[in-house]
Each structure stands twice: as structure tokens, then as C-alpha cells.
Amino acid sequence: MARNSGVLARQLLGNRNKLCAALLNHHHKLPSNSFQTLASILTTLSSSHTTPSKSVHHFSNPHFLQHRPLSSPSGPSKIVPIRSENEYCSAINMVQDKALPALFYFTAVWCGPCRFISPVIGELGEQYPHVTTYKIDIDEEGLANTLGKLNISSVPTFQFFQDGKKVAEIIGADVARLRDTFGKLYKQE
């Protein structure tokens with residue numbers, strides 16, 4: 001396992017943007033201490049490099065990855081959790097039928113970039129209260145068929161709806177692009 005973990009860590013270090021995508025396909029097979037193991041491998045690998053890397057973060061407590069709150073907005077926002085296929089179908093039908101502005105946010109508890117972007121989603125929810133955000137945890141048991149139909153292969157994935165239609169999609173934790181897309185699509189007059 002250690003040798004395979006080292007290979008996985010080197011691959012992920014070489015292509016950090018695909019970290020969640022890689023873990024998405026294998027997270028059910030990983031042992032429960034995988035985050036701690038991966039964090040220690042990343043620390044070991046990054047400390048063996050002679051030049052420091054700006055994008056490698058050292059966590060003195062890898063449990064931070066498992067216990068950090070998913071959002072910390074300071075006030076009310078319209079974030080609606082979706083926990084089943086029926087809830088998703090109901091939400092998407094309402095958004096499409098009533099031409100409501102909405103964001104469908106596909107995430108996972110184990111995904112670091114999802115945790116990174118979550119407070120931004122809360123902040124944008126406060127800034128644009130007329131936009132409902134539907135938060136979909138890809139690990140919810142009742143959503144497997146829906147996720148397959150939607151071809152969600154990476155998290156975080158953001159699908160923007162306006163006038164009943166999907167008008168934009170962002171894959172990855174790109175804060176600037178997320179803010180820009182919200183501003184262009186949902187600006188208040």
C-alpha cells in the first residue's frame with residue numbers, strides 16, 4: 001500500500017488540478033485513514049524536494065481534512081441540500097418550469113477543493129439572495145443514477161441555471177471564475 005500510495009501521491013502532486021477527479025473515482029476503495037496517509041505522504045514527498053512548492057500545503061493535523069465545517073456564511077442564504085434522486089428531480093423541475101435562477105453545486109465531504117470553495121458559496125448566496133443554491137453531495141446513496149445521467153465526474157462542479165436553462169458550468173474550485181459568472185448571470189438591478 002505504501003508504495004502504491006507513493007505513486008498515487010507523485011501523480012497527484014504532478015497534476016494537482018485533477019486531485020478531486022482522481023479521488024472521486026477511487027474514494028470508496030480507500031481505507032478510512034487515507035486522508036492522514038495521503039497528507040503524510042505529501043508532506044514527505046514535498047520535503048524531499050529541494051525547491052519549495054507554493055501549492056503544497058502542510059497540515060500539522062490531517063484530521064482537519066475530515067472535520068472542517070463545509071460552510072461558514074455569516075448570515076442566511078438559500079442553500080438547499082439535495083439528498084435523493086426525488087429531491088433532485090423536484091428541484092430541477094421547479095427551476096426549469098418557473099425559470100428560476102439557481103446554482104447546482106456538486107460536492108463531496110472528502111474533497112479538499114470543495115471545502116476550500118464552500119465559504120465562497122455561502123458568501124455568494126448572501127450576496128445574491130434571489131439565487132437558490134442546491135448542494136448535492138455525490139456520496140449520498142440515492143443519487144448514483146442521477147449523477148451518472150448528468151455525467152458528473154469531478155467535484156466541485158457548478159451548474160448555473162437562468163430562465164429555466166443551464167447556461168454555464170464550472171468544474172473546479174476557481175473562485176475568480178465563480179464570482180465572475182455569478183456577477184454576469186445574476187447581477188441585481
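Visitor: Hi! Which residues touch the most other members in the largest nonpolar core?

Guide: In this predicted model, they are Phe104, Phe158, Leu178 and Phe182, out of the core's 34 residues.

Visitor: And which elements give two or more residues to this core?

Guide: Those are helix 5 (85–97), strand 2, helix 6, strand 3 (132–137), strand 4 and helix 8. As a general point, nonpolar side chains in soluble globular proteins tend to be buried together.

Visitor: Let's look at helix 8. Which residues are buried there?

Guide: Leu178, Thr181, Phe182 and Tyr186 are buried in helix 8. They cover an arc of only 100° around the axis, so they sit on the same side of the helix.

Visitor: What about the other side of helix 8?

Guide: There you'll find Ala176 and Lys184, which are exposed.

Visitor: What do the buried residues pack against?

Guide: The buried residues of helix 8 pack against strand 2 (102–107), helix 6 (112–127), strand 4 (157–162) and strand 5 (165–171). Take Leu178: leaving out residues up to four places away in sequence, its contacts include Ile117, Phe158 and Ile170.

Visitor: What happens at the start of helix 8?

Guide: A side-chain oxygen of Asp174 comes to within 3.4 Å of the backbone nitrogen of Ala176.

Visitor: New topic: is Thr133 buried or exposed?

Guide: Thr133, which is in strand 3, counts as buried because its relative accessibility is 1%, and the cut-off for buried is under 20%.

Visitor: Which residues does Thr133 touch?

Guide: Not counting residues up to four places away in sequence, Thr133 touches Lys78, Ile79, Val80, Leu103, Tyr105 and Ile121.

Conventions. Residues are numbered from 1 along each chain as its sequence is written. This is a predicted model: local features need pLDDT of at least 70, side-chain atom pairs count only at pLDDT 80 or more; totals for chains, interfaces and linings use all residues. Side-chain values use heavy atoms; hydrogens and water are left out. Buried means under 20% relative accessible area, exposed over 50%, partly exposed in between (1.4 Å probe, protein chains only). Helices (H or I, at least four residues) and strands (E, at least two) are DSSP runs, numbered from the N terminus. The arc is that of the directions from the helix axis to the C-beta atoms. Contact means heavy atoms within 4.5 Å. A polar contact is a pair of N or O atoms within 3.5 Å; within protein, one must be able to donate a hydrogen and the other to accept it, and residues adjacent in sequence count only if both atoms are side-chain atoms. A nonpolar core is a set of buried Ala, Val, Leu, Ile, Met, Phe, Trp, Tyr and Cys residues joined through side-chain atoms within 4.5 Å.
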